[in-house]
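I opened this notebook to record what I looked up, entry by entry, in the structure shown below.

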Amino acid sequence: MSETSYAVLGMFDSPDALMQAIPKVRATNLGTVEAYTPYPIHGIEEALGLRRSPLGGMVLVMGILGAITAFGFEYWISAIDYPIITGGKAANSWEAFIPIMFEVTVLFATFTAGLGMLLLLNKLPLFGHPVLSSKSITGITRDRYALALEAESDAFDSAAAARALQEAGAVEVEVLPAPERSPFLTSDFILRTLGGIFAACVVSGLAMFFGTKWFPLLPPMRHIEDQPRLNAQKASAFFKDGHGMQLPVPGTVARGYLPTATGTQEQAASLVNPLPRTKEVFTLGHKVYSNRCEVCHGALANGVGSLTAAYGGKPANLQAQQFRDYPDGEIYWAIVNGKNAMPSHAPYLTDQERWAVVHYVRALQRAQNAKDEDLKVVAP
Amino acid sequence: MRSDAAIPANDIPEGLFELPLTEGRVTPGSLDDQVLSFPETKPPKQWYIGLAITLSALFTGLAFIGYTFFTGIGAWGNNSPVFWAFDIINFVFWVGIGHAGTLISAILFLFRKRWRNAIARYAEAMTIFAVMCAVIFPLIHVGRPWLAFWLFPYPNQRALWTNFRSPLLWDVFAVNTYFSVSAMFWYLGLIPDIASMRDRTTSKFRKLIYTALALGWRGAATHWQHYEKAYLLLAGLATGLVLSVHSVVSFDFATSVVPGWHMTIFPPYFVAGAIFAGFSMVVMVLVVVRETMQLKNLITMRHLDVMNKVILAMSCIMGYSYMMEGFTAWYSMNEYLHHSFMNIISGNYGWAGWLTISCNILIPQILWFKKARTSYFWMILVAIGVTIGMWFERFVIIVISLHQDYLPSAWRIYKPTMVDFGILLGTFGLFFTMVLIFARVLPVIATTEVKAILPGAQPSHHGDDHHV
């Protein structure tokens, strides 16, 4: 046997045979004794002299760390960084943080137990282990039990080890050569990679934190504020007068603001109501009248509105002969310019609405002073 | 393993004598040949038919989810005041189904109930699939699922943090933790089994996949020592977790002020209901697995008998809880609570209330008889009844409580739409598709765990029953 052997495996057919062999093989002191079994065999830890698994302590520490992390995080967010009162509870109402603290504790503890066992204690994954490429592995993961004498130094005597195993009752013996190449994806590699990623995250996170803290004058993307544009009061060399904003061309009329009813009321008498006497126009006139005119002139245009009683004013009784004789244009003029105590309604009403009110006032006047022939028109 | 020769049977009262966990002669090698050969054989025609049915259901559900995304969640029946309906019912239902797996794998492990070893793997797998089905519903219920990551507290440019006083956020943590822990537990249990499959397969392709998944497991005694410790710790942690998850789900309701929701009994009541529904689903699936995969010698009638006893016990707890709800309503002298309880037994949805009571309380009483506990007909009838009953229980809790609360002017009758039903069907499709695929690609029975409890598996000088 060459000096490059890794270990010698002895196979046993029953757990009893394995357990009886362990003390005999250990007594030879030829190398490290390790057992390979398809399922956990009880009492084998004591027989092999293994130390207790430190996993419990690791899980306890990480569980406590998880509890502290979660509680601290929740408290800092809810009470310090972002204290928003919800449900009428105080910002530092710690009782509400318990459920998540519990969940995170379990999460930390579980991943410590699982990954700590695999990566840290068992050093898995390890794909290149000599036992995996042995002939015996099909039995080991099925129904046979192996005892291995593993080389501790170059002085390992595989022939003596094979003999010792056979003497202890092994039915087969297999010498495992040392692995030819190093395994490619080991737990060490994974842990180092994860550690490297974690370190990179911490370093870059700190760099960003202090970077933005120490150089706050470097604003992040603000392109939307940097567009070239002219504000209303700014100067501009583009125009001759140097103003950023230009006056409109003389004579410009804004849309919906056609100048009307200028001059005196008498001059306005000649204006003709441009709207037809349709139902829509009367509906509009009624709506505008009840919004703007009715409080003073009253629903019947007789000068008895609800404000009259309250404030004692004397608005015009539009049913008086004087107003019934007004041409349409003069009523229109009064709406636009106001008269006596009545203010101008021009700012509130479009031209169309003013003329619609004129039509409606005419209708009210006629309704209050109806003649016999008016009835005939209505009758079918 | 207690051998018959070591302990005379007549010294032990009949009820305490432990029956064998497997039937016939099972050796570690024959166990591997029986269980681990499934993934290497061609599935039978029935399997493809089953898969076609479940995949059709799955794609129907996907189409309806797509329709929901396209039109918005107005496509569902929820509207004021019943803002939570099918989505939350289904969420609670599926999370509950998952609880049986964790109970079997963790709590029964701590209690050293060795019969759990044969069924734990399937039950754990069902936990994972059920939680996957469950998380779909809150995700699509947020309306814009592509923004669902806002549920996590991460530093963001909006300078906003999540509200840690909200039970809905507790839910996010509870369900995510539950899924991660269940997946970890499941995978750790699978590693030695996958190693067995790796070493027995002749296909190069399978060997590559199993090699990667087994992480180079070689069954070393030093590894088993840490492995067993990790498994024990995980079982202990998962036990606390499984009790907390459905408690947290019940906080979604219990911490609100809606009459019918605001009850202190909710956490234990929800946990019991979850185990109840989950065990029924496990029984249903196990009967099919046992029959179609010729596993009668490993999943024995004794397993089903014990499972049905658990279902019966949970049914009694549910009955007590329902009565406590009525008692609380009466004893509180609160007219709103009174009204909400009367709604369950005589309101617009009284039929749902009575359906819940009959399916969950009355039908399972048949399991008092051993004949019913060991008869496929009765156990399947009870299991289907309980599944329907537990779904309607969540309907009763959510819809009946919401549709009539304090303000009569806001009362409204809730009607689900076709889309609601379609998405529910889709999750059933997803669940059973996964169950079917799992049955063909991974060992359905934890062979390593069963090997350890076979007769003669442990050294005879260590003859007590302290092993797993």
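Predicted model: local features only at pLDDT ≥ 70, side-chain atom pairs only at ≥ 80, totals over all residues.

**Entry 1: helix H6 of chain A**

I looked up what covers the buried residues of H6(A), and found that the cover includes strand S1 (5-12), helix H1 (15-28), strand S3 (145-150) and strand S4 (172-177) of chain A. The helix itself spans residues 158-167, and I listed A:Ser158, A:Ala161, A:Ala162, A:Ala164 and A:Leu165 as buried in it. Viewed down the axis of H6(A), these buried residues fall within an arc of 160 degrees, so they line one face of the helix. I then followed the chain past H6(A) to A:Gly169, where phi is positive, near 115 degrees.

**Entry 2: helix H8 of chain B against H9**

How are H8(B) and H9(B) oriented to each other? I read an angle of about 150 degrees, with the axes 9 Å apart, for H8(B) and helix H9 (residues 301-332) of chain B. An angle over 145 degrees counts as roughly antiparallel, and H8(B) and H9(B) are therefore roughly antiparallel to each other. Their crossing is left-handed. On the side of H8(B) the residues that make the contact include B:Phe276, B:Phe279 and B:Val283, while those of H9(B) include B:Met307, B:Ile311 and B:Met314. Sorted by class, the contact of H8(B) with H9(B) has 15 nonpolar, five polar and no charged residues.

**Entry 3: helix H8 of chain B against H13**

I turned next to helix H13 (residues 376-403) of chain B, which packs with helix H8 (residues 266-292) of chain B at an angle of about 140 degrees, their axes being 9 Å apart. H8(B) and H13(B) are therefore oblique to each other, and I recorded this crossing as left-handed. Among the residues that meet here are B:Gly273, B:Phe276 and B:Val283 in H8(B), and B:Tyr376, B:Ala383 and B:Glu393 in H13(B). The residues of this contact of H8(B) with H13(B) divide into 12 nonpolar, three polar and one charged.

**Entry 4: where the chains touch**

How many residues does the contact take from chain A and from chain B? I noted 61 residues from chain A and 54 residues from chain B. On the side of chain B that touches chain A, the elements that give two or more residues are helix H1 (28-35), helix H5 (167-200), helix H7 (221-254) and helix H15 (447-451) of chain B. H7(B) gives the most to this side, with 17 residues. By class, I found 26 nonpolar, 20 polar and eight charged residues on the side of chain B that touches chain A.

**Entry 5: two single residues**

I placed A:Leu48 in helix H2 (residues 44-48) of chain A. With 19 other C-beta atoms within 10 Å, A:Leu48 is partly exposed. Leaving aside residues up to four places away in sequence, A:Leu48 touches A:Ile22, A:Val33, A:Ala35 and B:Ala221.

Is B:Met323 buried or exposed? I found B:Met323 in helix H9 of chain B, and with 11 other C-beta atoms within 10 Å this residue is exposed.

Notes
Residues numbered from 1 in each chain as written. Chains lettered and ligands numbered in written order. Contact = placed C-beta atoms within 7 Å. Helix = DSSP H or I, 4+ residues; strand = E, 2+ residues; numbered from the N terminus. Nonpolar A, V, L, I, M, F, W, Y, C, P; charged D, E, K, R; others polar. Axes fitted to C-alpha atoms, helices over the stretch in contact; angles between N-to-C directions. Parallel < 35°, antiparallel > 145°, perpendicular 65-115°, else oblique. Left-handed = near helix turned anticlockwise from the far one by under 90°. Buried ≥ 20, exposed ≤ 12 C-beta atoms within 10 Å, placed from the backbone. Arc of directions from axis to C-beta.
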